[in-house]
Amino acid sequence: MFDGDYTIYGKHATYIKYLVNDAKAFKRYIDVYMVGATLGVLYDRRSEQSDSSDRARIYSDAFNTEHVKCNELFKVVILSDASKSWSAEERINMCFRYRDKMDEHAVPHISKGELDAMKEALVLFNSYVLGGIELLYDSFFSATIGINETVDYAYKSVFDQYTLIESRQEGMEMNQLLRPEY
Amino acid sequence: MLIKSITLNNFRQFKGKQTLEFSSDPNKNVTVLLGDNTFGKTTILQAFNWCLYGLADFPKDSNPDFLLNLEVANEQAGIQQKFEVCVELNLFHKDTEYIVMRKQPYVDRAYGNWNALNDQLTVSYKEEGITKQVRNGEERNIINSILPHSLSGYFFFDTERVSDISTRKDLSEAVRGLLGLAAVGNARKHLGSRTLKGTAIGQWNASLDSVGDDRAREAQETIIRETEKKEELEGEIVNSDKELVSLNAQKEKIAEILRDNQSTAELQRQKQELEKQLDTENQALESCNRLFLDFYNNAAIIYFMQPLMDQAEQCLVNANVDDCGIRDMTESSIRDIIKRGSCICGALIEVDEEGKAGNNAYMHILDELKYLPPTHIGTAIQNFKQLLESDRRNSSQFYPTIEQKYKEIQKYRDTIAYLEENIARIEESIFGKENMSSFEADMNRIKAEIKRMNDKKERCNRDIGACESAIESAQKVYDSLVSASVRNKRLIAYIAYAEKICSWIDDTYAEKEQEMRGRLQERVNDIFSRMYHGERRVQIDKQYHVTLFAQINGKEVVTGESEGLKRVKNFAFIAGLVDLAKEKATLGKTVVDSVSWENEAYPLVMDAPFSNADETHIKNISSVLPEVANQVIMFVMEKDWQYAESVMEVRVGKYCKLKKLSESCTEIEN
C-alpha cells in the first residue's frame with residue numbers, strides 16, 4: 001500500500017494541478033492527496049475518477065517519503081468512515097491485521113478475502129481523496145487567484161475546521177453556527 | 001555869462017576879504033581896473049582861473065603855489081594854526097546866478113611852515129531866491145558847462161603873457177568850442193568809428209557777438225535733439241515699466257507653480273518613501289504568506305485529522321490490546337532474522353527444511369510471532385494510539401499559531417493598504433505636475449528678461465540725465481546768446497544810429513567849420529580893419545592860426561609883424577571870436593535838417609590889453625571890444641588907459657583902482 005505511483009485523471013487532475021500550481025495552497029500533489037482524504041472523510045464526500053485527458057500523477061517517491069503519514073491517515077480514514085457498514089473488528093483488521101499484497105512466505109498465510117478487503121478499503125480511501133480534492137478546489141477556487149487569496153482561503157479552511165472542532169466539543173450542531181465574515 | 005563880482009580872501013597880496021564888483025550894464029559893460037605893474041592885476045586874473053579851475057599861473061620866482069597872503073602867514077604863524085585862502089565868484093549864466101567858491105586851507109606845521117591842505121570847491125545857485133548847493137562831485141561839471149576850461153584862456157586873457165595868439169598850438173578845438181561846434185565835434189569824437197575801440201561805436205562794435213547767432217542756432221538744435229531723445233528715452237522707460245509689470249506677474253505665477261512643485265517634490269519624496277516602505281511591507285507580507293502557507297501545508301493535515309482521530313479511537317475502544325510484543329517488530333522482521341540464521345543476541349537459529357522445527361533459538365523467535373501482526377495487533381493499535389496522541393500534541397498549537405500568523409498577515413495588509421492609499425493620494429495630488437523643468441527654464445528666462453529690463457531702465461535714466469545736462473548747458477548757452485543777440489540787435493541799432501549821426505556830422509561839420517572859419521575870418525578882418533589903420537588883411541588857416549597879408553602890387557604877401565600889430569591882430573581875432581560866439585549856433589545843410597542852439601555870450605577879462613599898442617590902435621580896440629563882447633573887464637595901467645579913456649569912457653560902468661600898500665598887500669578901491 002502506498003508504494004507505487006498513483007495517477008489522478010479528469011477534473012480531479014485539473015483540480016489538483018490548480019491547487020498546487022495556480023493557487024499554490026499546497027506544495028506537492030501528495031499534500032493535496034492527504035488533506036483531500038482527511039476532508040473527504042470529515043465532510044463525508046466521496047468521488048469517482050472521471051474520464052478526461054487531464055491527469056496528475058503522484059510518484060512513488062512521494063509516497064515513500066510520506067509513507068508513515070499515509071498509513072496513519074489510511075487507518076484514521078477506515079476507522080472513522082461511516083459510509084461502509086463494516087464492523088469495528090473488520091475495520092481494525094483492515095488497519096492492523098490484513099495485508100494488501102500477496103506474499104508466499106507470509107506467516108500466517110495471506111487469504112484472498114484479506115486482499116479483497118484491503119483493496120476495497122483502498123478504493124474507499126481514494127474515493128474520499130477525490131471527494132476531498134473537490135472540496136479543496138471549491139474552497140480555493142477563484143478566478144483571480146493570488147497568494148493573498150490563497151492565504152485567506154487557507155485560513156478560512158482552518159477556521160472552518162476550528163469551528164467544527166469547537167462545535168463538536170460543545171456538542172453543537174454545525175448548521176447552527178454562524179459563519180463569520182472574512 | 002556875466003561876471004557879477006569876485007571876492008578874494010587873503011589871496012596872495014590881497015590881504016583880508018576884498019570884493020571886486022563888475023559892471024553888468026549892457027550899455028556900460030566895461031569895468032576898468034587901474035593898477036600899475038606889480039599892483040596885482042595879473043593876480044586878480046589868476047584868481048578867476050584858480051576859483052574856477054583850481055589853477056593859478058604865477059611867475060616861478062614868486063612862490064607860485066603859495067596862495068596865502070604872506071603878511072597873514074606871518075601874523076598868524078603858530079603851530080597847528082589854520083588859515084584859509086578863499087575866492088568867491090558871483091556870475092550869471094543862462095539867467096541863473098551861480099556862486100563859485102574855492103577854499104584853500106593852510107595849516108602851520110612848524111612855525112611859519114604852512115602846508116596846503118586839499119582845496120574845497122563849492123558851487124551854489126539861486127533858484128527862486130533860495131540858495132542851493134549843487135550836488136557833491138557835480139561842481140566841476142557845472143563849471144565846465146558854464147565855461148569850458150579849454151576856452152578859459154580866451155576869456156581870461158593875459159595879453160602880456162600870451163603875446164601872439166597865432167603861435168599857439170592848434171586852436172581849432174578851442175575855436176570850435178567857442179563857436180559851439182565843440183559839442184558836435186565831441187559828439188563826433190565820442191561816437192568815433194568801428195575801428196576805434198575807445199569810442200562808442202568801436203565799443204559797441206567790439207561788443208557785437210558775431211558768432212553768437214550760429215551758436216544759438218546750434219544750441220537750439222541741440223536742445224530740440226536732446227529733448228526728443230529724452231522723450232524717446234522716457235517712453236522707453238514707460239514701456240519697460242509696463243513690460244516689467246507683466247514680467248513680474250509671469251514670474252509670480254511661475255514662482256507659485258514652482259512653489260507648488262516644491263511641495264510636489266516633497267510629495268514625490270514622501271511617495272518614494274512610502275513606496276519603499278510598501279516594498280518592505282510587501283516583501284514582509286510575501287514572506288509571511290509563504291511561511292503561513294508552508295505552515296499550512298505541513299501542519300494543517302493533522303489539524304484536519306483531529307476530529308477523525310477521535311472517531312478512530314472510538315472505533316478502537318473495544319479492540320483487544322495487549323502490549324506483550326516488541327514495539328514495531330513486524331512479522332517480516334522476524335522472518336528476516338530467521339532467514340539470516342542468527343539472532344540479534346548472537347544465538348544461531350537453526351531450522352529444518354519445512355520450517356516446522358528448529359533449535360531452541362528458532363522456537364523462541366517463532367514464539368515472538370504470536371505477539372506480532374497479523375497474529376497479534378495489540379502492539380500495532382497501541383502504537384497507532386501513541387502516534388495519534390503525538391499528532392494531537394503536535395497540533396495543539398496549530399490553530400493559535402496559524403491565527404497569529406494570519407493576524408500578522410492582516411497587519412501587513414493593513415499597513416500596505418494604508419501605504420497604498422497614501423501613495424495613491426499623493427499620486428492624485430501630483431498628477432500632471434511632474435514636469436517642472438520647462439517652468440524652471442521659463443523662470444530663468446523671465447528673470448533674465450527682468451534683469452535686462454531693469455538694466456535698460458537704468459541705462460535710459462542715465463541717458464536722460466546726460467540729455468538733461470546737455471539740454472541745460474545748451475539752454476544756458478542759448479539764453480546767454482539770445483540775450484547777446486538781443487544786445488546785438490540793440491547794438492546794431494545803436495551803431496546804425498551813431499553812424500548815421502556820424503555821417504550827418506561828417507557831411508555837415510566840415511562844411512560848417514569851413515563856413516564858420518570863413519565867417520570868422522570875415523569878422524576878424526572886419527574888426528581888424530576897424531582896429532588897424534593900415535592896409536592889411538587877416539587870413540585864418542585850418543589850425544586857426546592867423547596870418548597877416550599885405551597887398552603889394554596887387555599881390556598878397558605875408559608880412560612881418562611888430563608887437564603892436566600882433567596885439568591888434570590878436571584882439572581882432574578874439575573880438576571876432578566873441579562876436580561870432582554870441583550868434584545862434586546852427587548845424588545842418590538845409591533848414592529842415594538843421595539843428596540850432598543858443599550860444600552864450602561871453603565876457604572878456606583882459607590883463608594889460610593895450611601894452612605895446614600905439615595910441616590909434618588903443619582907441620580903435622577900445623571902441624570895438626565893448627561892442628563885440630557883452631562884458632569887458634580890463635586890468636590896465638593908467639598910462640595906457642588915458643588913450644583908451646576918451647573912446648571907451650561912455651561904455652565904462654565901473655572904475656576900480658588897485659592900491660599897493662606894500663609888496664605883500666594890495667587894496668582894491670571900488
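User: Which strands of chain B form an open sheet of three strands with antiparallel pairing, and in what order?

Analyst: This is a predicted model, in which local features need pLDDT of at least 70, side-chain atom pairs count only at pLDDT 80 or more, and totals for chains, interfaces and linings use all residues. Residues are numbered from 1 along each chain as its sequence is written, while chains are lettered from A and ligands numbered from 1 in the order in which they are written. Strands here are DSSP runs (E, at least two residues), numbered from the N terminus, and two strands pair if DSSP finds at least two bridges between them. The open sheet in chain B, with antiparallel pairing, has the order β10-β11-β12.

User: Which are the edge strands of this sheet?

Analyst: An edge strand pairs on one side only. In chain B, this applies to β10 (536-540) and β12 (555-558).

User: Which residue of β12(B) is the bridge partner of Ile552(B)?

Analyst: Strand β11 (residues 546-552) of chain B runs antiparallel to β12(B), and four bridges join them. In β12(B), the bridge partner of Ile552(B) is Lys555(B).

User: Is Lys94(B) buried or exposed?

Analyst: Lys94(B) lies in the loop between β4 (82-93) and β5 (96-110) of chain B, and its phi is near 45 degrees, a positive value in a residue other than glycine. A residue is buried if 20 or more other C-beta atoms, placed from the backbone, lie within 10 Å of its own, exposed if 12 or fewer, and partly exposed in between. Because Lys94(B) has 10 C-beta neighbours inside 10 Å, this residue counts as exposed.
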